[in-house]
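Whole sentences and plain terms will do.

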Amino acid sequence: MKIFCVISNYATGPGETAEWYTLPDSTLLRSNNPFFIPDFDTEFVGIPSIAVRIDRLGKNIAPKFASRYYSEATMAVCVVAKNLLRELSEAGKPWSRAVAFDRSCLMGDFVDKNQLLESRNIKVKCGSEEYGYEFDRINRSIDEAVSMVSSDNTMKTGDIVLAAMMPEGLPLHIGDTLDVTLPSDRNLLTIRMR
């Protein structure tokens, strides 16, 4: 199982091209488990994204057929070591150490994709910070994101695509609780920072 993270696909300018990177399955942390903030950086942020789980084998999936390859969706929050990411990027080095460490992909409970997509605006809160994740700000559709990733990869059952990661993140601090909630007040993700 692989996790594909699509960046530059949420609230970006018209000329920006979406890109993606992968996370190993060891980064996955399910809802209601604590996240232990590592000590290798002083500033961590959580980057929200809509996520879909692939349930059919496929390669080079056309956007018009992509919706057939997933039936469930949720919200995920990827934890990023902000200072380390900046240092590695400025030095031209690979930045996996800042984004792909154990338990750094906080995954919500999957629900029927239509239930999530009809929500349009999802509340993401951690400590005193709160963001609204708005589907109208996604540049390329989820189907286009799945298609883009599948052009270079065989999509397998269980793979997850984080289709539109927000460019900014919520600060994460020990003692905070991260909550992701639908407008219907259904909770998708709750993780305590420790």
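Trp 95 is partly exposed, with a relative accessible area of 30%; buried means under 20% relative accessible area, exposed over 50% and partly exposed in between, using a 1.4 Å probe and protein chains only. Tyr 21 counts as buried, at 14% relative accessibility. The model is predicted, so local features need pLDDT of at least 70 and side-chain atom pairs count only at pLDDT 80 or more, while totals for chains, interfaces and linings use all residues. Residues are numbered from 1 along each chain as its sequence is written, and side-chain values use heavy atoms, leaving out hydrogens and water.

**Aromatic pairs**

- A search of the whole structure finds seven aromatic pairs. Rings of Phe, Tyr and Trp (its six-membered ring) pair if their centres lie within 6.5 Å; planes under 30 degrees apart count as stacked, over 60 as edge-to-face and the rest as tilted.
- One of the pairs is Tyr 21 with Trp 95, which is edge-to-face, at 5.1 Å centre to centre and 75° between the planes.
- This pair links distant parts of the chain, 74 residues apart: Tyr 21 is in strand S2 (residues 19-23), and Trp 95 is in the loop between helix H2 (82-90) and helix H3 (96-99). Helices (H or I, at least four residues) and strands (E, at least two) are DSSP runs, numbered from the N terminus.
- Phe 40 and Phe 44 also form an edge-to-face pair, with 5.7 Å centre to centre and 75° between the planes.
- Phe 40 is partly exposed at 40% relative accessible area, whereas Phe 44 is buried at 4%.
- Tyr 10, Tyr 133 and Phe 135 are linked into a cluster by ring pairs.

**Charges over rings**

- The charged end of Arg 56 sits over the ring of Tyr 69, 4.6 Å from its centre. The term applies if NZ of Lys or CZ of Arg is within 6 Å of the ring centre and within 35 degrees of the ring normal.
- The charged end of Lys 113 sits over the ring of Tyr 70, 4.6 Å from the ring centre.

**An open sheet**

- Four strands form an open sheet with antiparallel pairing, in the order S9-S8-S12-S13. Two strands pair if DSSP finds at least two bridges between them.
- Strand S9 (129-134) and strand S13 (187-192) stand at the edges with a single partner strand each, so one side of each has no neighbour in the sheet.
- Strand S12 (residues 177-181) is joined to S13 by five bridges, and the two run antiparallel.
- Thr 181 stands opposite Asn 187 in S13.
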